[in-house]
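Please open the structure in the viewer and keep the selection tool at hand.

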Amino acid sequence: MAKAFFRLQKFLRRTQFLLFFLTAAYLMAGSLLLLQRTRLVIQQGSRGTSANQALLAPDGMAGVGTVDPRMLQNPRSGPRLLVGMDALQEPALDQHSPQWLVSRNLELRQLRRRWFHRFISDQEPMQTVGFKAMKHTAEHKGTYMGCFSDDSRERTLKGAVFYDLRKMTVSHCQEACAERAYTYAGLAYGAECYCGNKLPATTSKPEECNSECKGEKGSVCGGVNRLSVYMVEELQAGARRRRNVIYRGCFRAPENLTDTFPASLIQPNLTVEMCSEFCSKKEFPLAVIRGRECYCGYPTGRFSLHDGADGLLCSGMHNASSTAEGKYCLVYQTPVQDTRCTDRKFLTTKSKVFVALSSFPGAGNTWARHLIEHATGYYTGSYYFDGALYNKGFKGEKDHWRSRRTICVKTHESGKTEIEMFDSAILLIRNPYKSLMAEFNRKYAGHLGYATDRNWKSKEWPDFVNSYASWWASHVLDWLKYGKRLLIVHYEDLKQSLIPKLKEMVEFLNMTVTEDRLLCVENNRDGNFKRSGAKQKDFEPFTQEMKDLINRYILTVDAALRGRNFTGLPREYVPR
């Protein structure tokens, strides 16, 4: 008995020692990891620092602005021009200060998020074991039609496309399709929603739709190349379908409307609603009315919608005898999306030229990516990971930015090292007044919202202008200095002359596109990127002191562009 007790005591002592040893090892490993992480942060912070620490302003602009590229490492905290800027000036952040480390740690967290989302994407398809636990719950509105094969090259449900990596549910997809007047809603990969008015042709085995909805446990949202399809239930009378029928204008009718438009309807007492309903069911984005005739189709080279006519020529359009002998027609945009340019993919082979799409935050980079993706048919990448943009269909967000599987890579970075990583770049420049307001809105209300009056009147706004205004200038100056091959695109020019400027950008990317695809892009020019909510009219958040500061930066950048034989900034930038 004594011997057994001795053995037990000896065992407990060993266990105690083992637990002590494991605890000590755990603490040591944690300390080493923390030290290594801190060292990594400090090393990353020193990237891009050159022997010449300041970018001098062009000749004749001495005292206006000198740039320190070390301040350009964090894409969301602006550098400062250090010379001659006593007004609104704050000291630069020290690279070893806690505030600087916090900003760098944020970037590291973004990289970890990128890895995490890549990891979970590999785990998306669920095992068929336990598949019976998932069901098409009775709570879902509409009728379940079955599991269908989904081919991205010949997709049937392509009227509208939505993504939600975290919150996709069957009801959410159905409601989104119902609001846009579609008959069917299909879900795939647990996070993708497709709408249309025709069922896919090929059915699949029920067990092949085995991906659980990201936002609803126990419910099926398709699978790998598989769609769970529902017939959408009619919305209640109190919640009518959203009929975003937009008047495009009065246009001269083509010589042969039947050849120009693939679908038509002749109806006595024809109304805009009747024609739009007919064209929506046929999945066409344009409804064209001439008298009692309704035509459906797309913008094409024969009917580009570029040359509008005087609206008076279309007055009394519903009376065919008073339409200038039928030479003119009314054009409306239906709720249906133009799908000729919506299919996108990754490059099949790695790109030999590493191209940046660089801009200051708030300069329209996301919108430019939307245009480039739809024009070329290839995804764009990003130096960062933004889950909100991934949910909007930017699948390149989850791809590693150096994979070279994307047509170009979004970046707000500057500094010698960050710029010289790229072989060429499209440098997108926007009026700093507009850029600053757009970025401040994004910071406080996301990509599609507006900051509140309280935000604008807080002390954050003057601090924001103080740091970000100088960053707007230094970003352009750095890319002019270190960029190897640049295409300068002004946001205002792109907005005003979309197709010519987009052609120029596509050619710079060594791509060729058809005129019809460019017209499709023009027809989808806004995408999902117009801010929603109440926009204040005649809102002026800039003080005179802020304007004086920003105007000096504008003159500095304008002189630098002209010094490199580029077109200077648009006249509307100054004076303000």
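**Stop 1**

Begin by selecting Met 231, which is placed in strand 7; helices (H or I, at least four residues) and strands (E, at least two) are DSSP runs, numbered from the N terminus. This is a predicted model, in which local features need pLDDT of at least 70 and side-chain atom pairs count only at pLDDT 80 or more, while totals for chains, interfaces and linings use all residues. Residues are numbered from 1 along each chain as its sequence is written, and side-chain values use heavy atoms, with hydrogens and water left out.

Met 231 is partly exposed, its relative accessible area being 32%. Here buried means under 20% relative accessible area, exposed over 50%, and partly exposed in between (1.4 Å probe, protein chains only).

**Stop 2**

Next, display the open sheet of 5 strands, whose order is 1-7-3-4-2 with antiparallel pairing. Two strands pair if DSSP finds at least two bridges between them. Strand 1 (143–149) and strand 2 (160–163) stand at the edges with a single partner strand each, so one side of each has no neighbour in the sheet. On average, neighbouring strands of this sheet are turned by 25 degrees against each other, direction ignored.

Select residues 184–188 and 192–196: these are strand 3 and strand 4, which run antiparallel and are joined by 5 bridges. Tyr 184 stands opposite Gly 196 in strand 4. Axes are lines fitted to C-alpha atoms, for helices over the stretch in contact, and angles run from 0 to 180 degrees between N-to-C directions.

**Stop 1: salt bridges**

Which residue forms a salt bridge with Glu 192? Select Lys 395, whose closest N and O atoms to Glu 192 are 2.7 Å apart. Lys 395 lies in the loop between helix 7 (387–391) and strand 15 (409–411) and Glu 192 in strand 4, so the pair ties together parts that are 203 residues apart in sequence. Glu 192 counts as buried at 6% relative accessibility. A salt bridge is a side-chain nitrogen of Lys or Arg within 4 Å of a carboxyl oxygen of Asp or Glu; by this rule there are 11 salt bridges.

Another joins the side chains of Arg 340 and Asp 338 (2.8 Å, N to O). Arg 340 is partly exposed at 25% relative accessibility, whereas Asp 338 is buried at 0%.

**Stop 2: His 374**

From Arg 340, move to His 374: the two are 34 residues apart in sequence and 9.0 Å apart in space, C-alpha to C-alpha. His 374 lies in helix 6 (residues 365–376) and counts as buried at 5% relative accessibility. Leaving aside residues up to four places away in sequence, His 374 touches Cys 341, Thr 342, Arg 344, Arg 517 and Val 521, contact meaning heavy atoms within 4.5 Å.

**Stop 3: strand 17**

Select residues 486–490. Strand 17 has 5 of its 5 residues buried, so it is largely enclosed by the rest of the structure. Leu 486, Ile 488 and His 490 lie on one side, and Leu 487 and Val 489 on the other. Strand 16 (residues 424–429) pairs with strand 17 in the parallel sense over 5 bridges, and Leu 427 has Ile 488 as its bridge partner.

**Stop 6**

Finally, select residues 272–281, helix 5, whose buried residues are Cys 275, Ser 276, Phe 278, Cys 279 and Ser 280. Their cover includes strand 9 (263–266), strand 10 (286–290) and strand 11 (293–297). In the loop between strand 9 and helix 5 is Asn 269, which is exposed, with a relative accessible area of 72%.
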